[in-house]
Amino acid sequence: MASLFFFGEFIFPFFKSSATKTGFFTDSVYTIQDHPALLCITIAGGVLCLLTIFLFNNRPLQQKLVYVGLVLSVALFGAAIALGMSDTPDLFSAASIFIGSFLPIGALLMLALSLRGISKDDKLVKSMDRLR
C-alpha cells in the first residue's frame, strides 16, 4: 500500500492554482514532475517499498529499509512544501490543495503499520525458538 501511495504521486497533483505564475506554477499545476528532487524521492520510495515486501526472510534488513522509507516519505512531504514555498511564497493562499499533498502522509502511516507488523513477526519467531 505504501508503494501505491508513492506511485500515486504520478497521477495526483500537490496543488492547483488558477492564477498564472512563473516557476512551478507555469502550467497552474504543481506535481512531482516539476522538480527532479521530488521525482527522485518518489521513485526511490516506491521502489524501496516494493523491494521490502520480498525481504521477509531477513527481518532486520526489512526493518531498516522501512525506516528509510519513513524518512523518504517525510522528505517528500517536506520537499514538496519547501520547494513550493520557495517558488511561490503565498502558496497556500494562491493554490488549492489536492490529494497528492496527502499521499506521503498515507505512505508514512502504511510504513508505520508495516514496521509494527514486522516487529510482531520477529517477536513471534523468537518466542517459537524458545519453545524448541
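Here is a walk through the structure, from its overall layout to a few individual residues.

What you have is a predicted model, in which local features need pLDDT of at least 70 and side-chain atom pairs count only at pLDDT 80 or more, while totals for chains, interfaces and linings use all residues. Residues are numbered from 1 along each chain as its sequence is written, and side-chain values use heavy atoms, with hydrogens and water left out.

Let's begin with confidence. The pLDDT score (the predictor's confidence in each residue, from 0 to 100) has a mean of 86 over the chain, and 86% of the residues reach 70 or more. Helix 1 (residues 2-7) comes out highest, at 94, whereas helix 4 (residues 91-94) is lowest, at a mean of 65. Where pLDDT is low, the predicted coordinates should not be read in detail.

Now the layout. The chain has five helices and three strands, taken as DSSP runs numbered from the N terminus (helices are H or I, at least four residues; strands are E, at least two). Read from the N terminus, the order is α-β-β-α-α-α-β-α. Of the 132 residues in the chain, 37% are buried; that label means under 20% relative accessible area, with exposed over 50% and partly exposed in between (1.4 Å probe, protein chains only).

S3 lies in helix 1 and counts as buried at 8% relative accessibility. Its C-alpha atom is separated by 9.3 Å from that of L111, 108 residues apart along the chain. G100 sits in the loop between strand 3 (95-97) and helix 5, and its relative accessible area is 0%, so it is buried.

Next, the charged pairs. The structure holds two salt bridges, each a side-chain nitrogen of Lys or Arg within 4 Å of a carboxyl oxygen of Asp or Glu. One pairs D122 with R59, with the closest N and O atoms 3.3 Å apart. D122 lies in helix 5 and R59 in helix 3, so this pair ties together parts that are 63 residues apart in sequence. Both D122 and R59 are buried. D122 also forms a salt bridge with K126, where the closest N and O atoms are 3.7 Å apart. Here both residues lie in helix 5, four residues apart, or about one turn of the helix. K126 is partly exposed, with a relative accessible area of 48%. Through shared partners, the salt bridges join R59, D122 and K126 into one network.

Over on the surface, F10, I11, F12, I43, V47, L51 and I99 form a nonpolar patch with about 620 Å² of accessible area together. Patches take residues with over 30% relative accessible area and no salt bridge, joining like charges within 9 Å and nonpolar side chains (Val, Leu, Ile, Met, Phe, Trp, Tyr) within 5 Å; the areas come from the Shrake-Rupley method with a 1.4 Å probe, and for residues only the protein chains shown count as cover. One member, I43, is found in helix 2 (residues 36-53) and is partly exposed, at 39% relative accessible area.

Finally, the largest pocket has a volume of about 210 Å³. Of its 13 lining residues, M1, A2, C49, I53 and S114 are the closest to the centre. A pocket, on a 1 Å grid over the protein atoms alone, is an open set of points where a 1.4 Å probe fits, with protein on both sides within 12 Å along at least five of seven lines; lining residues have an atom within 4 Å of a point. Grid points are joined across faces, edges and corners, and the volume is the space filled by probe spheres set on them. Helix 1, helix 2, helix 3 (59-87) and helix 5 (103-131) each supply at least two residues of that lining.
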